[in-house]
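Please read the following report alongside the sequence and the three-dimensional coordinates.

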Amino acid sequence: MKFYINLTLLLALSLVQGCSLLGDSNNRGAVGQLIIAEPMPINYKSEVAIARLSEVISRADITDVQKAQLYYDRGVIYDSVGLRSLARLDFNLALRLKPDLVDAYNFIGIHYTELQEFDQAYDAFDSTLDLAPGHEFAYLNRGVALYYGGRAELAIDDLSVFQQKQPSDPYRVLWLYLAEHDVEMGQAQLALQSRALQVNDNNWAKDIIDLYLGNLAQDKFLRQVPRGVKSSKELTERLCEAYFYLGKYNQFQGNLNAAANFFKLSMSTNVYEFVEHRYAKLELELMRATYGSTVEPQAQK
């Protein structure tokens, strides 16, 4: 699910090597279908923008409110290029100068979720919603934090609010499904089947829903990922998303090595602003904490 994206070149490779990328033998037939993105370079315009904002912050005679906005703007750019610590520092500086800067709380909550500091994340999202009760994406982000914090039932409440605001959005449907799957898998499948009827078949992410419903085999899903793509930008977006949801799909199937590798593939796109990229790393960390070396494929002899 995207909010921002940079342009990158893509390299399509057929990965038939001595060691299976997917790890699990029942997934090896899908390897040749993979499309691997060349890691996305930092956009030079982002570097220039950071430099200019830094100069204005340090030299300009501006009010605290104006400086807070500049810190926030620079933090957003830092975040977009993967410099999370610098982004977090700027968001905190912005809030010191302007304690009611709603979007800064929202970003800080996302960062706390990525760091598995869930109580701080909840507080940040609560602050966002206290200041702006209609802040749509705060419900998504708090729901995601609750999901990863082991509070799936509470996550369903927030993710339901988010999904109901735009029922035709397949990504809203999918995140609600992930939380419901943790609570009761059978009911989650039925609910997903019902909500899928509201998603347009022309939206490529409908394929993800069909995969989860068992209406689309994984190898066919992989073949269809590039369908209708008109630019390398669009393909990069799609790969980041597709591999994350394939990771979750294989995780649910018990294919831990495959899941781990799909999360790595999602991360390899370097699309730092995508929800899927952010949480692919967290998924890997949680899997390693739970299963240890089990999720690291062993080289074949």
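Where is the place of Asn270? Asn270 lies in the loop between α13 (256–268) and α14 (275–291), where helices (H or I, at least four residues) and strands (E, at least two) are DSSP runs, numbered from the N terminus. The model is predicted, so that local features need pLDDT of at least 70 and side-chain atom pairs count only at pLDDT 80 or more, whereas totals for chains, interfaces and linings use all residues. Residues are numbered from 1 along each chain as its sequence is written, and side-chain values use heavy atoms, with hydrogens and water left out.

**Overall composition**

The protein has 14 helices and two strands. Of its 301 residues, 52% count as buried, a term that means under 20% relative accessible area, with exposed meaning over 50% and partly exposed in between (1.4 Å probe, protein chains only). Among contacts (heavy atoms within 4.5 Å) between residues at least 6 apart in sequence, 60% join residues at least 24 apart.

**Loop residues**

Most residues other than glycine have a negative phi. Asn270, although it is not a glycine, has a positive phi of about 60°, and Asn270 counts as buried because its relative accessible area is 18%. Gln116, which is not a glycine either, has a positive phi of about 65° and is placed in the loop between α4 (102–114) and α5 (118–131). Is Gln116 buried or partly exposed? Gln116 counts as partly exposed, because its relative accessibility is 34%. Thr63 belongs to the loop between α1 (44–59) and α2 and is partly exposed, with a relative accessible area of 45%. Although Thr63 and Leu97 are 34 residues apart along the chain, their C-alpha atoms are separated by 9.4 Å.

Tyr72 is placed in helix α2 (residues 64–80) and is buried, with a relative accessible area of 12%. Leaving aside residues up to four places away in sequence, Tyr72 touches Phe91, Ala94, Leu101, Asp103, Ala104 and Phe107. From C-alpha to C-alpha, Tyr72 and Asp90 are 6.1 Å apart in space, while 18 residues separate them in sequence.

Two packed helices are described by the angle between their axes and the distance between the axes. Here, axes are lines fitted to C-alpha atoms, for helices over the stretch in contact, and angles run from 0 to 180 degrees between N-to-C directions. The angle between α2 and helix α3 (residues 84–97) is about 165°, with their axes 8 Å apart, and α2 and α3 are therefore roughly antiparallel to each other; angles under 35 degrees count as roughly parallel, over 145 as roughly antiparallel, 65 to 115 as roughly perpendicular and the rest as oblique. The residues that α2 brings to this contact include Tyr71, Tyr72 and Val76, and those of α3 include Asp90, Phe91 and Ala94. By class, the contact of α2 with α3 has 11 nonpolar, one polar and six charged residues, where Ala, Val, Leu, Ile, Met, Phe, Trp, Tyr, Cys and Pro count as nonpolar, Asp, Glu, Lys and Arg as charged, and the others, Gly among them, as polar.

**Two further helix pairs**

| Pair | Axis distance | Crossing angle |
|---|---|---|
| α4 and α6 (residues 136–148) | within 10 Å | roughly 20° |
| α6 and α7 (residues 152–164) | within 8 Å | roughly 160° |

With that angle, α4 and α6 are roughly parallel to each other. The contact is made by Asn106, Ile110 and Thr113 of α4 together with Phe137, Ala138, Asn141 and Ala145 of α6. The residues of this contact of α4 with α6 divide into four nonpolar, three polar and no charged.

By contrast in direction, α6 and α7 are roughly antiparallel to each other. Among the residues of α6 that meet α7 are Phe137, Leu140 and Val144, and among their partners in α7 are Ala155, Leu159 and Phe162. The contact of α6 with α7 divides into 12 nonpolar, one polar and three charged residues.
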